[in-house]
Amino acid sequence: MRHDQLGKQMLRASLENRGTFTSAMEVSPDPQLADGYFVPDLSRASPVTNTLLGRMTERPCSFEVFSAPPEVLEVEMCLRKLLNLRHILRKPKEMSGLPHQWVLCAGKPLSALDATWARQVADWPCGVYELPPVNATSIVVLSELPEERSTLFLRLMGRG
């Protein structure tokens, strides 16, 4: 704690002639809503078993759905929502797993994939891109999914 205070004092002293430094700034975001949040009960039978959606929902997750390719700022907003959700879920002692986020989009968001350093995932079907692990987010380009029975439901979501 003392080391933190010293660091803040050093920053303030170094930067005071260049601008305004705030050492304890409250960061309280506006209310945000995820398009969907899911916590699985794997003891229950499911019609999505053996599908891509079933695989995606084997652990807690949130969903953001876009009918068009999301822009960089829209993906940033999704990341902010997920980080806030994970922060809220960390507070109770009985936390049961932090969610992974699935951004579903009809078309390929080239600029967002590039800006987030998202990469095609080797052990997932074509069309599933993963951001660096700290982001706990994947982007699913519905139009790129293989035409298989296991992807049918998600591909239907990407139709016009």
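1. Pocket lining. In this predicted model, 16 residues line the largest pocket. Phe38, Leu42, Ser46, Val48 and Thr57 are the lining residues that lie nearest its centre.

2. Pocket volume and make-up. The volume of the largest pocket is about 360 Å³. By class, its lining splits into 7 nonpolar, 5 polar and 4 charged residues. Helix α2 (residues 52-56) supplies the largest share of that lining, with 3 residues.

3. Gln101, position and burial. Gln101 belongs to strand β3, which covers residues 100-105. Is Gln101 buried or exposed? Its relative accessibility is 1%, so Gln101 counts as buried. The cut-off for buried is under 20%.

4. Gln101, surroundings. Neighbours within four places in sequence are set aside here.

5. Thr151, position and burial. Thr151 sits in a loop. That loop runs between β6 (137-141) and α5 (152-157). The relative accessible area of Thr151 is 0%, so this residue is buried.

6. Thr151, contacts. Which backbone oxygen does the side chain of Thr151 reach? The backbone oxygen of Pro146, at 2.5 Å. Residues up to four places away in sequence aside, Thr151 touches Leu52, Leu145 and Pro146.

Note on methods. Residues numbered from 1 in each chain as written. Predicted model: local features only at pLDDT ≥ 70, side-chain atom pairs only at ≥ 80, totals over all residues. Heavy atoms only, no water. Helix = DSSP H or I, 4+ residues; strand = E, 2+ residues; numbered from the N terminus. Buried < 20%, exposed > 50% of the residue type's maximum accessible area, 1.4 Å probe, protein only. Contact = heavy atoms within 4.5 Å. 1 Å grid on protein atoms, 1.4 Å probe; cavity = no way out; pocket = protein on both sides within 12 Å on 5 of 7 lines; lining within 4 Å. Points joined across faces, edges and corners; volume = space filled by probe spheres on them. Nonpolar A, V, L, I, M, F, W, Y, C, P; charged D, E, K, R; others polar. Polar contact = N/O pair within 3.5 Å; in protein donor to acceptor, adjacent residues only side chain to side chain.
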